[in-house]
Amino acid sequence: MTAQPFLEIRNLTVELPTDSGPIKVLDDISLAIRRGTTMGVVGESGCGKSMTALAIMRLLPPGFKITSGQILLDGEDITDVPDARMRELRGNEISMIFQEPMTSLNPVFTVGEQIAEAVRQHQGLDTGKAEQRAIEMLKAVQIPGAEARLNSYPHEFSGGMRQRVMIAMALACQPRLIIADEPTTALDVTVQAQIFALMRELQQETGTAIMLITHDLGAVAEMADDVAVFYAGWRIESGPAAEILRRPSHPYTSGLMSCTPRLRLGASAAEGGAALREIAGMVPQLGKMPVGCRFAPRCTRADGYCRTNVPKDVIVGPQHTAMCWKAEEEALA
Amino acid sequence: MMKSDPMTDTLPPQAEVAPPPAAKPDHPMRETMKIFLRNKSAAGGLILLLAILFATVFGPSMYGVDPLEMVWVPLSPPGDGTPLGTDYIGRDILAGVLVGGRVTLIVGAVSAIMTIVIGILVGAFAGFFGGRTDVALMKFTEFFQVLPSLLLAMVLVTIFAPSLFTIILAIGIVGWAQVARLTRAEFMRIGNLEYVKAARAAGAGNAYLMFRVILPGSLPPIIVASALVTGSSILFEAGLSFLGLGDPNQLTWGLIIGQNQNYLLDAWWTVTCPGVAIFLTVLAISLIGDGINDALNPRARKRA
């Protein structure tokens, strides 16, 4: 449980320079992912989840800069390694599964060519062996008739199968960290469950760490060992998944949880089934952040102090931290 | 180039575990070929071009008349001693057309290749890197686009003595701008697609991304443009030769027309025969280009 983390982000800040001064897209983010475990990263759209992933890959969009902090991959700070070293790491050590399986594969090459190419480039296998490896990988992600499907083009696959191909590609070089950026958002619920089951199975076999970016707390409950909750560029809560889902400390996390529908047969408002709640308001615009706690304007528990003072990341339980004045009060009480 | 049918994307999960369909769809290249050949005008163009190629490659030795030799009475009409008549100094027009085609086609093809290679390189760098590289390269491209191309080619050929090489160079230099703009547009479109990001995340370097990931996807419009560029290169070569800026040691269609222009009203065959040859060649290439366009265009594909 307490092994040295494979990926550790320390006080990462990413800024976007604008005419009216730099905007902090990520503000002092810290998180750690242990080997062979899954970290669920949750939060609303635009709160910095994907930015964190892109920062780890060093693929931030033009203009965005890492201004401070460290990203330690197995002890190596990758925020300032040369591009050539970074290209080596990408695909080999870290690989990424994107949100859109429909467009993440190159339409002009067969899936076999694409998987084999990745293996050839990274592991220096010859064409025959690379093809063999591609077949193995397609089998591993349970694509029926792998040998025949090798020569299929992406458009001949359904969305779920394409995402499996993406996973096959991501796993082909046996990376030690996979960043999955909302890998199932574009898929049917049933397919989602299959993909998660597959990822878990492969994780058990290969011992790879997974960073699962999602806004679906159900997915987190199913997949994650640890959770980091992001809000408006802050990592506002982090800790073991079981702990956080049982006793969320940050009002935002509990808010998110009460937004998640729970299906119960025959439940209606009269019988005690509560109507789905929402968190009032919107994520503040970047560059127009409130002075104090960034969640305060939407928080039901916020008071004057919250609105003027930036909360600190405090320990509220075993390996469980939250950035909230109220949580701090409760932890001290 | 292959937009998937939305129907297949929402297949129920049980369809995923079904074995792959027995009849595997054709390789896209073969499918494209089929659609191309089913198109009558495209197939006609291809046959015509093959016939012209055959005639220029094997024609001269089969016909066996030296195109530079005085063989008959000057300006004698077709059928009167020679099949297509003679020019102003009694050279056989048919022999000239057969031999002249070689140089014309070579110049057309080589300069088209040059145009396309320069165009793709400039466009690829501009579209891929964007920013200042893009601005600089596009200003450079615009410079070549606004220059009157025939005039520039004439100047280039006159400065460096007219030879096959300088003519090819001149045509290549004046024609690439359009291909560059097209390539740049395609690179900008495809460069933003998810699969390029995915390839980058998988560790691909810039050169690999440009030429192995993005270029294959952007080829269809470039191939179509290439066909049109080949046609215009041939016209260009003919134009230069006609103006007397061709290589004087090489017989070309344009040169035959240029040399006989004074006799245009008295001996129509001297200019008409090579003229028709140019016309048919460019027509054939244009038809092929249109056919490729239709075959590569997904909307046309559905119609077929």
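Reply: A crossing is called right-handed if the near helix is turned clockwise from the far one by less than a right angle, and left-handed if anticlockwise. In that sense α9(B) passes α10(B) in a right-handed crossing; helices are DSSP runs of H or I with at least four residues, strands are runs of E with at least two, and both are numbered from the N terminus. This is a predicted model, where local features need pLDDT of at least 70 and side-chain atom pairs count only at pLDDT 80 or more, while totals for chains, interfaces and linings use all residues. Residues are numbered from 1 along each chain as its sequence is written, with chains lettered from A and ligands numbered from 1 in the order in which they are written.

Let's stay with that pair. Helix α9 of chain B covers residues 194-201 and helix α10 of chain B covers 206-242, and they pack at about 140° with axes 11 Å apart (axes are fitted to C-alpha atoms over the stretch in contact, and angles run from 0 to 180 degrees between N-to-C directions). That makes α9(B) oblique to α10(B), since angles under 35 degrees are roughly parallel, over 145 roughly antiparallel, 65 to 115 roughly perpendicular and the rest oblique. On the α9(B) side you'll find V196(B), A199(B) and R200(B), which meet L209(B), V213(B) and I214(B) of α10(B); contact means C-beta atoms, placed from the backbone, within 7 Å. By class, that contact has five nonpolar residues, no polar ones and one charged (Ala, Val, Leu, Ile, Met, Phe, Trp, Tyr, Cys and Pro are nonpolar, Asp, Glu, Lys and Arg charged, the others, Gly among them, polar).

Elsewhere in chain B, helix α5 (93-129) and helix α8 (164-191) bring their axes within 5 Å and cross at roughly 35°. The contact of α5(B) with α8(B) takes in 21 nonpolar, nine polar and two charged residues, and α5(B) also passes α8(B) in a right-handed crossing. The chain B setting is 13 helices and zero strands. Among chain B contacts with a separation of 6 or more, 70% link residues 24 or more positions apart.

Chain A has strands to look at. Its open four-stranded sheet runs β2-β1-β4-β5 with antiparallel pairing, where pairing takes at least two DSSP bridges. β2 (23-34) and β5 (76-77) of chain A are the edges, each pairing on one side only. Helix α1 (49-57) of chain A packs on this sheet, touching β1 (5-16), β2 and β4 of chain A, and its direction makes about 70° with that of β2(A). Two bridges hold antiparallel β4(A), residues 65-73, to β5(A), with L73(A) opposite E76(A).

Q319(A) counts as partly exposed because it has 13 C-beta neighbours inside 10 Å. E182(A) also has a positive phi, near 45°, in the loop between β7 (177-181) and α7 (189-206) of chain A. E182(A), though, is buried, with 22 other C-beta atoms within 10 Å. Most residues other than glycine have a negative phi.

How values were computed: Two residues are in contact if their C-beta atoms, placed from the backbone, lie within 7 Å. A residue is buried if 20 or more other C-beta atoms lie within 10 Å of its own, exposed if 12 or fewer, and partly exposed in between; C-beta atoms are placed from the backbone.
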